[in-house]
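I am opening a notebook page on a structure that is new to me, and I will write down each thing as I look it up.

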Amino acid sequence: MNILENLNENQSKAVLATDGPLLILAGAGSGKTRVITHRIAYLIREKGVPPFAIMAVTFTNKAAGEMRSRIIDLIGPLGEQVFMKTFHSASVYILRRYGNIIGVPSGFTIYDQRDQEMLIKDILIEKNLDPKKIRPAMIASKISEVKDRAEILEGGDVNSLLPDYYSFSLSDIYEQYQLRLTASNALDFNDLLIKTVELLRKSPETLAALQKKWRYFMIDEYQDTNYSQYLICKYLASASRNLCVVGDDDQSIYSWRGADVRNILNFEKDYSDARVITLGDNYRSTIQILAVASSIIQMNKFRKEKMLNAFRGEGEPAVWCQANNEYGEAEYVVNTLISLKHREALKNDDFAIFYRTNAQSRIFEEHLRRENIPYRVVGGLRFYDRKEIRDILAYLRFITNPSDTISLSRIINTPARGIGAVTVEKIKDQAYQEQTSEWGIIRRGQQGNKKTSAGIRTFADIITRSMEMAPRVPTDMKLAEFVQEVIELSGYTASLKNDNSLESRSRLENLDEFINSIFEYQEFNPDATVDQFIQEISLLTTTEQPEPEDLPLETVTLMTVHNAKGLEFPVVFLTGLEEGLFPHVNSSDSEEGIEEERRLCYVGITRAQDRVYLTNAHQRRVYGNTQDKLPSCFLNEIPPELLKTTTHGPQENSISYNAAPTWGRSSSHDKSATREHAPSLKPAVSDSQYSVNQRIMHPRYGTGKIVEIQGKGDNVKLTIRFSSGGSKSFLEKHTPLERI
DNA sequence: CTCACGCTCTTTTTT
DNA sequence: AGAGCGTGAG
């Protein structure tokens, strides 16, 4: 078999450029995955590189899995041995083996966003701050934001990056947060990367060992790497210099997560001898689709100018449908899907519905269910985020890491065994007084009244027995068997069975599903210990969780545009294209924010192979009340001749929503699209009770000045610049301000 | 201590 | 509209 077969000239070049730094600028649909997999195959087959000497980093575990199986298709089971992971799971791999050198014991627990929020809530209460006024989620995102910054890794003063707020000091909370993480033997997602960088810096022996192990590096989606990820690449590849990065600055959509597009833009500066290969031939989408996509992305000022060459036929024009409301939108999408399916003999698999926010999925689900069309929602609530699964995971976490106080507080009275808040507080105090762990106090028993102390004894017993069992996995006990045992022991199943409600039955089913997924896991990871298992599933995303066994093979796919990256579908519905939703309000303050939303829109459209439908609704319920919505500015950026326009649902009562007044066109399908009034592009003069330059006091952020007022009615948005430095936008309706 | 009801606040995107 | 949380009765 010839590995270069079916590759174009530049693709072949990229496969053959095996040694030294290489930058592959891969436009949407240009066969990027193909190049990566073939390049790996070539390294192994033709250059004799052992598969385990290749480290390939992808964006999600699912992408890693798919890439692995494509390599196996190319070169057989040898492909199994390629080290293919995400940055986060690669970091876990490294830290498990070498972390103890910098004081990270191998059994660490990984705290996800919800664990972080619980921990922060704890800290706020300790500091006599009200978690209702100061949202833990907001603090968590600030902390995460600061941890993504380069300064934190370059010895900068972290505290100076954390503002003091009106009523509290963020750096105080940050400090406490880090202390508590360390005390709990836990790392958050940012720490996984930061600690890995620290390890590679502080332990030359470790770095040397890893450089000996891996000699070829391939990093996918390089435009979405943050500073720590950039450093990890840099250090690991500094000996072999065989670093190949692949990406597209037009598809950079994670800057809010610390991704820095400069990593890819500056690659040639970092590696002066780098080869650069551009993949600009698009084999995925029709000319019509690419024309729409490129008309939008061209509006971005901050981008490397480039064009995709279309290699497929003309295709069908993109369709823009304006619906009366979100129900009309869903109805239009589902109706179109059904008729297309029959007319073109398509399968459910061929369709994808994209939206900006997870909350939008519900209405599409309802309409699809009504029509008996099987679908799958990618993203949203992770399987492992369900209460019952989190509870059991907390048991497992606590058993392997009794310092994990967040898990302890979750399970000590779950299921209810008579240990209330007062008792928990007592245990905490006593542990503090005796300078021992909370588990140390619990283990000893004797606390409170009869009922309470019985509860504590029960709990201590469950944990002790489980702790004795855990080390037997995997040698003389199977992982699934162990977890099953813990679930029984905890009394969780008994209490659910006792309840016998619809809800508890579904929880039991989920627990069964969980056990099933562990059976599957242990099949592929026969050597995995309990803590390894927990660490790995902490990093799993929605895209690779157990799916219900009765899920039909062919389903329509629903997901956010972010989740759609890297995928392709014959027919794509890109929905909710409205001002404030897509582009999202929270990104609309800055030019950079809008540009990222525009890239997101570009990513959405370029997923489509044959057909793309763009939809917006004139009215949409937000927080339970109806709002008028203008079509997204992105729709304005598409030349009208590229779009076939239509409407759905009654239009009579609505004011004019045509975002592009000068175009004045309507399609043959357009039943009631005639507009009498000249539409206004900007909402009417605001009816805010405030005025620009008004000085105000915000309960959370302190004093500030109103710098901008937009929208009207319930949609009035106030942009406020605070004395503390930052500025922020609020919906007037939801924001109690005091004039000063 | 537990459970039920009603009030509040929410929604950006995810490893 | 829905989830999470606090309040108050048992």
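Which residues surround DNA strand C? I began there, keeping in mind that this is a predicted model, and I found R621, Y623 and G624 around DNA strand C.

I read it as an open sheet of six strands in the order 3-2-6-7-1-8, with parallel pairing. Strand 3 (83-86) and strand 8 (275-279) are at its edges, and because each has a single partner strand, one side of each has no neighbour in the sheet.

I then followed strand 1 (residues 22-26), which runs parallel to strand 8 and is joined to it by five bridges; I24, for instance, has I277 in strand 8 as its bridge partner. Helix 1 (residues 9-16) packs on the sheet and touches strand 1 and strand 8, its direction making about 145° with that of strand 8. Helix 11 (residues 227-237) also packs on the sheet, where it touches strand 2 (54-58), strand 6 (216-219) and strand 7 (243-247), and its direction makes about 160° with that of strand 6.

Last, I looked up a helix pair: helix 17 (residues 387-400) packs with helix 22 (residues 479-490) at an angle of about 105°, their axes being 10 Å apart, so helix 17 is roughly perpendicular to helix 22. I listed I392, Y395, L396 and I399 from helix 17 as meeting F482, V483, V486, I487 and S490 from helix 22, and of these contact residues eight are nonpolar, one is polar and none is charged.

Note on methods
Residues are numbered from 1 along each chain as its sequence is written. Chains are lettered from A and ligands numbered from 1 in the order in which they are written. This is a predicted model: local features need pLDDT of at least 70, side-chain atom pairs count only at pLDDT 80 or more; totals for chains, interfaces and linings use all residues. Side-chain values use heavy atoms; hydrogens and water are left out. A residue is near a molecule or strand if one of its heavy atoms lies within 4 Å of it. Axes are lines fitted to C-alpha atoms, for helices over the stretch in contact, and angles run from 0 to 180 degrees between N-to-C directions. Helices (H or I, at least four residues) and strands (E, at least two) are DSSP runs, numbered from the N terminus. Angles under 35 degrees count as roughly parallel, over 145 as roughly antiparallel, 65 to 115 as roughly perpendicular and the rest as oblique. Contact means heavy atoms within 4.5 Å. Ala, Val, Leu, Ile, Met, Phe, Trp, Tyr, Cys and Pro count as nonpolar, Asp, Glu, Lys and Arg as charged, and the others, Gly among them, as polar. Two strands pair if DSSP finds at least two bridges between them.
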